[in-house]
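Please have your viewer open as you read.

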Amino acid sequence: MTKEEEATTETAKEEKTPEQLEREAKKKAAKAEKDAKFAAKQAAKAEKAAAQAAAQKAKANDEGGGQVKKEKKKAEAKGPSPQDVLALEDALKTERGKKKNTTTVPMATSYNPVAVEAAWYDWWEEKKYFEAVNGSEKPKFVIVIPPPNVTGALHIGHALTNSIQDTIVRWRRMSGYEALWVPGTDHAGIATQTVVEKKLMRENGITRHDLGREKFLEKVFEWKGEYGGKIFNQLRRLGSSLDWTREAFTMDEKLSKAVKEAFVKMHEDGLIYRDNRLVNWSCQLKTAISDIEVDYIDVEGPTMLQVPGHLKKVEFGVITSFAYKIKDDPNDDELVVATTRIETMLGDVAVAVHPDDERYKKYHGKTLVHPFDSLREIPIICDEVLVDMEFGTGCVKITPAHDPNDFQTGKRHDLQFINCFTEDGIINDVGGELFKGMKRFECRVAIEKKLEELGLYRGKAPNPMRLGLCSRSKDVIEPMLKPQWWVNCADMAKDACDAVRDGRMEIIPKEQEATWFRWLENIRDWCISRQLWWGHRIPAFYVNFDDDQENNGLPGGTSEKVDRWVVGRDEAEAQKEAERKFPGKKFTLAQDEDVLDTWFSSGLFPFSVFGWPDETPDLRDFYPTSLLETGHDILFFWVARMVMMGMKLTGKVPFKQVFLHAMVRDAHGRKMSKSLGNVIDPINVIEGISLEALHETLANGNLEEKELKKATAGQKQDYPQGIPECGTDALRFALMSYTGQGNDVNLDVLRVHAYRHWCNKLWNAIKFAMANLGDAYEPVDNEYTELDVSDSSSPIAARWIISRLNNTLSIVDESMESYNFNIATDAIYQFWKNDLCDVFIEIIKPTMDGNDEAAKKKTRDALWVTLEAGLKMLHPFMPFVTEELWQRLPRKQNANTPQSIMIAAYPKAQEKWANEKVEKSMRDAIDFVKSLRSMKANYNVPAKAKPNAYAKCSDQNVVDAIRENFSGIQALASVGDITIDASVDAPVGCGAVVINDQLTVYLELKGHVDAEKETKSVEKKLKLISELNAKLEKTMSEDSYEERVPENIRAQNSEKSELQKQEIAALEKTIEDFKLLLTL
């Protein structure tokens, strides 16, 4: 290191902020433990590789004696070569954080993802390539990860999300941006608490209540420390270039501070309030959930469904009718009501009729007899809002504590609110001796039976309905009256809509805007209380007066006094607020036992990770962020909340763009589901896994026996041979290539494996380059300014490949800007596979073997630039293999030479490289090759035969392109001599193909085919084309053709007809020549 560099380094250290120094200290503290684990893992891998090498050598030594060399080579080819084993061993032995040896260790003979992916990530991280710098003058590109739940592991859907995000971040970083991608995990309140509670019961036979709140939370943090790192390890395996120094967790101190601040500020502004209202209650989880956490299923008619917590199936899709007797009525009159939830009749407090309904006017003001509660009088009330006279009997039972419509009716008429259920769905004291203690759906059956005994049952009828289920537990949602904390979303939702309408925030794809507006314009207030222990405890305190113990009420219960709550960042602040609110009163404070909805803290994530509410350097430099990338399924769960809360609390839209990617399904288009056995761990695709091991992943899960059998059968059908090893790069590229399928991605693992084979093409291309560039080759400068392919002295193939590279770079740049990743991946794939590997590398081999040193130099320069730029173009999609291959290419070394491909400048299209004239010439030359290959196949010419070829061509540029690359074209087309000019006279007995109006190709068939058989084949082809041409000519000759067919289509038809006529003429001559050939 020079003195200047040392001085620069010291200055950088002095300028580091306390926040940066703290992050580095934490990182170093954890490094020793990570290094130990890494060393053990690498040692195990190296030992395995050594064992493979030893077995291979032993196998080679055992062969011999009576075996011929050919058999020995064939046997050796079945396993890795010694060169491959050496490359793998050396890669796995790389010291953590050190650069892999790509200079003295020879390239493996073929691509091996295990060897290629080893060491690079740790080196990138050690070199701080992922870290964004405060105060940078570069343009900023900032993105936060959608924080995965700390409870689990990433599935293939997460792999898509992170592949997209990392591709964008790497591209922006290489394009000159100060790119920051913030990692983090979500504490996942319900999911995490459920996992830990099950673990406690399974291992210790205790509940969280046995431990108490503090001890239980200690257990959760212990569990998080033990299992929470799995996700980050998976992210590293995927190559995610996250800034780990800024790692966040929604329950850490910094983010918890933000949560308290947000709650207090929003409460002060009147957006958060306490109210006793109906909530979506999950009896299985014993907590409220928000509206968007309720899944709805359509039940068309009587249907028996399994409900969690119930042994027997429960009937839905029916409506049950029963009668209420009118009190003291001499005629024993009754009113008949109907309900889909007859168990709630235990909480009925009124029956409503329409005031204009003549049938019931005589009963206005009277009361009804409740069959199971003789002390409760049920008034007959008039309500024109609720009651439709034409529906049913025109009588509606009112249960304000268990139905949203009845709740509003109860408010209008000041009715009593009677709750029938405990928090776990058991009938409470309201059920009396008959029903108390029953489960709610068992009580449903019991009530029907009892009503029948009393002569009050009036039957049931089919009733199509929408049934609300808890998205987490699949329990049937029970509307329950609970005092909770709510967020008034109306004004914030309007602001979020305005931000999209006025262009401050863009939603991609644009079609999702309609969904955004529809949901936000119909938003309801958000219940943020959750009856859990794991999460952010609500910073609200209930005031209990010392002198009024009997009337203080119970927080969270029906006796709660809603006005007794005070809010504060801590108890001391709440104490001051209570003293202000209740002057002169003596009291004690009790903090709310509930925690906040997980989505509340997640909604703050884009700015809480940067230290908000404090004015930190990170908040100043990196907020608002540039992009939010996620699946369209959480547009409302998360994205809308972030926008609403971000705009309210920071005054800024939290991100400029929202890109919503497709959902991942299996190859059959089915949703990923554990019970189907089609949930894929990305590591299993990267490393490969046997069918037996796949079955074990199911057995270790929580599936019931019936679901386990179904899932096992599904795996056997989809992966009969297991999942082959694909590697990270192939998985990422495949996922990115799928992003143009609309709302769903039907992932076929075999397609992923095909890209693994493509990686081998890249590998062989670099091997070819290393062999043909030579040790003495000096490449052009790293910015390619010294590349000269502008004049005609440069080989046409060199000018062509640079023009093709330029065209591809233009497509990729435009596609990346618009997030059309499928277009970008297709362009890159076609360039590498078709242009570079299949054509250029093959066609330049004669040049590289020749004696024209000037042509060889120009060709080498074009080859080097194409490979160097091509690898950089591909790097954001395939980070590992591109780094490995880029490091092996020679390049000029100077002070500005990047040490890694990931910090090299992303290549840009250059106008001077474009050469459409050359591209057209080479396009025709390539079509010439394809036509010769096609004719060889169509006429069944033996593969080893090399018949002569002829071409009649009136375009001199094409003639020059073919003549200049005679040797290469001969090799590509596997033909003998080639004759081409404007008036070539093809010999008798040739096959013919018209490529365009300027080029017709002939292939000599005499001596290579069965003339009689091929004559019949050509006659058949002639008949087909003649019929097609006749049909087209008939269409073109119709009277209305000129009027009804657009001009461009007419032009295309004319050109098509002319080509058909040329081909007919060529085929007729071929038949004539074949027949002549038969006479020879």
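Which residues of helix α11 (residues 230-237) are buried? They are Ile231, Phe232, Gln234, Leu235 and Arg236, where buried means under 20% relative accessible area, exposed over 50% and partly exposed in between (1.4 Å probe, protein chains only). Helices here are DSSP runs of H or I with at least four residues, numbered from the N terminus. After α11 comes Gly239, with a positive phi near 85°.

A word on the model itself: it is predicted, so local features need pLDDT of at least 70 and side-chain atom pairs count only at pLDDT 80 or more, while totals for chains, interfaces and linings use all residues. Residues are numbered from 1 along each chain as its sequence is written, and side-chain values use heavy atoms, with hydrogens and water left out.

**Two helix pairs**

Two packed helices are described by the angle between their axes and the distance between the axes. The axes are lines fitted to C-alpha atoms, for helices over the stretch in contact, and the angles run from 0 to 180 degrees between N-to-C directions.

| Helix pair | Angle | Axis distance |
|---|---|---|
| α31 (residues 853-874) and α32 (residues 879-888) | about 155° | 9 Å |
| α26 (residues 728-737) and α29 (residues 821-843) | roughly 125° | within 7 Å |

The angle makes α26 oblique to α29. Angles under 35 degrees count as roughly parallel, over 145 as roughly antiparallel, 65 to 115 as roughly perpendicular and the rest as oblique. On the α26 side the contact (heavy atoms within 4.5 Å) involves Phe733, Met736 and Ser737, and on the α29 side Phe821, Asn822, Thr825 and Tyr829. By class, this contact of α26 with α29 has four nonpolar, three polar and no charged residues. Ala, Val, Leu, Ile, Met, Phe, Trp, Tyr, Cys and Pro count as nonpolar, Asp, Glu, Lys and Arg as charged, and the others, Gly among them, as polar.

Helices α31 and α32, in turn, are roughly antiparallel to each other. From α31, Glu868, Leu871, Lys872 and Leu874 meet Thr882, Leu885 and Trp886 of α32. The residues of this contact of α31 with α32 divide into four nonpolar, one polar and two charged.

**Cysteines**

How many disulfides does a search of the whole structure find? The search finds zero, a disulfide being a pair of cysteine sulfur atoms within 2.5 Å. For Cys283, the nearest cysteine sulfur is that of Cys470, 10 Å away. Cys283 is buried, with a relative accessible area of 6%. For Cys395, the nearest cysteine sulfur belongs to Cys382, 11 Å away. Cys395 also counts as buried, at 7% relative accessibility.

Key
Helices (H or I, at least four residues) and strands (E, at least two) are DSSP runs, numbered from the N terminus.
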